[in-house]
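Hello,

Here is the structure I promised to pass on to you. Have a look at it first, and then read my notes below.

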Amino acid sequence: MKFCSQCGNPVIQRIPEGDSRLRYVCEHCQTVHYQNPNIVAGSLPIWGSQVLLCRRAIEPRMGYWTLPAGFMENGETVEQAARRETAEEACATLRGLSLYMLVDVPHISQVHVFYRAELVDLEFAAGVESLEVRLFDEADIPWSELAFMTVKRTLECFFADRIQQVYPVRTESLAPLQQIKKT
Ligand code: ZN
């Protein structure tokens, strides 16, 4: 950040009184510009024994497969964000959303949240951010071509839990070297 979004003057970095972290502060209007983690909301869409994946048409990780997910917008709930991203990327409609996976990714200041959900029907298609959208059996999942570690972990947990047909909410924390620490 270089300029204050309130008044347009340059900002500096300093620790405000009573705070313990460096913040961007505008010395003209005294606004403190807090920066906090972003929430990425997504879904694990299920049709029978298959799951739906999207092949990304945009960077980062263009050409790789992902679960539909994206940054939450102001004014919506996490579940609404997951539904919206699924509609945008896969033109698909979900029902029976159930919170399933929460992955902290502190080194990039993100929290990824995935809901398990059923596809309402087979009316899906590639949205503008996708090259291709299709259903996969577990045996056909392109594990080496998945876009993100959070997606890989969500799918791994899902197929493991599916054996017992029990899906507790999973929480994990992802480190920079993509090591997984279960919590
Ligand atoms: Zn200002």
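**Notes on the model**

Gln-30 lies in the loop between β2 and β3, where helices (H or I, at least four residues) and strands (E, at least two) are DSSP runs numbered from the N terminus. The phi of Gln-30 is near 70°, a positive value in a residue other than glycine. Most residues other than glycine have a negative phi, and most peptide bonds are trans.

Before going on, a word on the source: this is a predicted model, in which local features need pLDDT of at least 70 and side-chain atom pairs count only at pLDDT 80 or more, while totals for chains, interfaces and linings use all residues. Residues are numbered from 1 along each chain as its sequence is written, and side-chain values use heavy atoms, with hydrogens and water left out.

Ser-109 has a positive phi of about 55° although it is not a glycine, and its place is the loop between β8 (94–105) and β9 (110–119). Ser-109 is partly exposed at 37% relative accessibility (buried means under 20% relative accessible area, exposed over 50%, partly exposed in between, with a 1.4 Å probe and protein chains only). Glu-59 and Pro-60 are joined by a cis peptide bond with omega of about -5°; Pro-60 sits in the loop between β5 (50–56) and β6 (65–66).

An open sheet of three strands runs in the order β1-β2-β3, with antiparallel pairing (two strands pair if DSSP finds at least two bridges between them). β1 (12–14) and β3 (32–33) are at the edges with a single partner strand each, so one side of each has no neighbour in the sheet. Three bridges connect β1 and β2 (residues 23–25) in the antiparallel sense, and Gln-13 has Tyr-24 in β2 as its bridge partner.

Now the rings. There are five aromatic pairs, counted where rings of Phe, Tyr and Trp (its six-membered ring) have centres within 6.5 Å; planes under 30 degrees apart count as stacked, over 60 as edge-to-face and the rest as tilted. Phe-158 and Tyr-167 are stacked, at 5.6 Å centre to centre and 15° between the planes. Phe-158 is buried, with a relative accessible area of 2%. Ring pairs join Phe-158 and Tyr-167 with Tyr-100, Trp-143 and Phe-159 in a cluster.

Arginines also meet rings: the charged end of Arg-61 sits over the ring of Tyr-64, 3.9 Å from its centre, and that of Arg-134 sits over the ring of Phe-136, 3.9 Å from its centre. The rule here is NZ of Lys or CZ of Arg within 6 Å of the ring centre and within 35 degrees of the ring normal.

What about open space? About 340 Å³ lies in the largest pocket. Of its 20 lining residues, the closest to the centre are Arg-56, Ala-69, Gly-70, Phe-71 and Phe-148. (On a 1 Å grid over the protein atoms alone, a pocket is an open set of points with protein on both sides within 12 Å along at least five of seven lines, and lining residues have an atom within 4 Å of a point; grid points are joined across faces, edges and corners, and a volume is the space filled by probe spheres set on the points.) β7 (69–71), α1 (78–90), β9 and α2 (149–164) each supply at least two residues of this lining.

Best wishes

Notes
1 Å grid on protein atoms, 1.4 Å probe; cavity = no way out; pocket = protein on both sides within 12 Å on 5 of 7 lines; lining within 4 Å.
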